[in-house]
Amino acid sequence: MTLNNQRNFSAGPGALPDSVLRQVQEAIVALPETGISVLGMSHRSDWFEQQLHDAENNLRSLLDIPKNYQILFLQGGSSLQFSMIPMAFLRGTGKTAEYLETGYWSSKAPKEAVHEGNAHIAWSDKVAGFRSLPDWGQLQLDPKAAYLHYVSNETVEGLEFKSEPKDLSVPIICDMSSNLLARPVDISRFDLIYAHAQKNLGPAGVTLVIVKDEFLACARNDLPSMLNYHTHLSAHSVYNTPCVFSIYVLNLVTQWMLREVGGLISMGELNNKKANLIYQALDQFPEHYQLHAHPPNRSEMNVTFRLKSSLLEADFLKNARSSGFTGLEGHRSLGGIRISLYNAIGLQATQELAQFLISQATP
Ligand code: PMP
């Protein structure tokens, strides 16, 4: 059985759109506009300057990013943001930083913040195994906190906030690594958003930071250059050699979203349809499929569940592979099965997977 990208349900790096991959294939040998391989293009070239400019404009138009927000293309993945954020916004302030502990990834962030100051866990579902999320109204935050940090989509457990925070009166920082560009989001509710590429944005390498001017003004400026947001802002994200390839593909992905998908409203509708197909298939067989997330907090990007035994799970994965579906193994910390439905996964492949789920549960 031949595998194809449309049937790659991996949690990340995840599938990219076919039309983007075809352009990349050509660009690896020679970019049509320069005659040179994209892998050999200088980051100081006019061509790359144009890529950065276009990628930024496309993101601004897709996400309707207000003028008083800056876009930075950084490296070090989202994990580096776990450190850069408290270095810049917590160190030396004498304030507390509030963290929501809603899963594997959000638990990692405060562990880095404690090197810089006081990190307080404002809410946690660790004891119950990270199955639910808080309502915004139930949080009790220190009104003088340096910021609140949370993860909008827990990639490992498959939990997703369905609304953006409001009336919290502290600066809001959000890790949107696994659901940015999945649907419209009100950027003005946030002070800083970050998201690595390798899911909806493109291949691993670049990490996007969208930050409000007024908040950036509070960032420390006495940090090592590479860890200082001000360095990257004044160098327009080319202080050192950026990941040219990853930014190039991110630009193609944003073009695809604007021209082929038709923007974030259409993307959101499609993602909603895909997730409903999968959850409906699983919910028909509660005896067979044991879903991890509390239903109101289910993610549209990552669907996580277990079968009754690890033997059955191994069988399921084997059958999936022989039917051409890949990337379905759960995260190593949780086990089980995880279906990731990032933007590049189409409706047809999702329907096929839903049929497969039904077939596996019917004797
Ligand atoms: N946050 C989230 C929500 C993630 O899903 C991941 C990794 N998949 C990370 C942070 C860590 O990202 P990185 O590997 O780029 O450091």
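Accessible areas come from the Shrake-Rupley method with a 1.4 Å probe, and for residues only the protein chains shown count as cover. This is a predicted model, in which local features need pLDDT of at least 70 and side-chain atom pairs count only at pLDDT 80 or more, whereas totals for chains, interfaces and linings use all residues. Residues are numbered from 1 along each chain as its sequence is written, and side-chain values use heavy atoms, with hydrogens and water left out.

**Figure 1. Overall view of the chain.** The chain exposes about 15,500 Å², of which carbon and sulfur atoms supply 51%. The secondary structure comprises 10 helices and 12 strands, taken as DSSP runs (H or I of at least four residues for helices, E of at least two for strands) and numbered from the N terminus. The C-alpha trace spans about 65 × 55 × 30 Å along its principal axes. The radius of gyration, taken over C-alpha atoms, is 21 Å, which agrees with the value near 21 Å for a compact globule of 363 residues; the globule rule is 2.2 Å times the number of residues to the power 0.38.

**Figure 2. The two domains and their contacts.** An automatic or database domain assignment gives domain 1 (21-259) and domain 2 (263-361). Their centres, taken over C-alpha atoms, are separated by 26 Å. Contact (heavy atoms within 4.5 Å) links 28 residues of domain 1 with 26 residues of domain 2. Of the contacts in the chain between residues at least 6 apart in sequence, 68% join residues at least 24 apart.

**Figure 3. The largest nonpolar core.** A nonpolar core is a set of buried Ala, Val, Leu, Ile, Met, Phe, Trp, Tyr and Cys residues joined through side-chain atoms within 4.5 Å. The largest such core has 63 residues, and those with the most contacts inside it are L59, L63, F73, L100, L180, L181 and Y248. Helix α7 (residues 244-261) gives the most to this core, with 10 residues. Domain 1 and domain 2 both give residues to this core, so it lies between them. Leaving aside neighbours within four places in sequence, L59 is in contact with D64, I65, I71, F73, L181, L208, L250 and T254. A second, separate core has 29 residues, including A15, A281, L341 and A349.

**Figure 4. C174 and C218.** With a disulfide taken as a pair of cysteine sulfur atoms within 2.5 Å, the count comes to 0. The sulfur of C174 is 19 Å from the closest cysteine sulfur, in C218, too far for a bond. C174 counts as buried because its relative accessibility is 0%, whereas C218, at 52%, counts as exposed.

Figure 5. Most residues other than glycine have a negative phi, and most peptide bonds are trans. The peptide bond from G12 to P13 is cis, with omega near -10°, and P13 lies in the segment before α1 (18-29). F130, in the loop between β3 (118-124) and β4 (147-151), has a positive phi of about 55° although it is not a glycine. Relative accessibility at F130 is 10%, so F130 counts as buried. S237, in the loop between α6 (229-234) and α7, has a positive phi of about 65° and counts as buried at 6% relative accessibility.

How values were computed: Buried means under 20% relative accessible area, exposed over 50%, partly exposed in between (1.4 Å probe, protein chains only).
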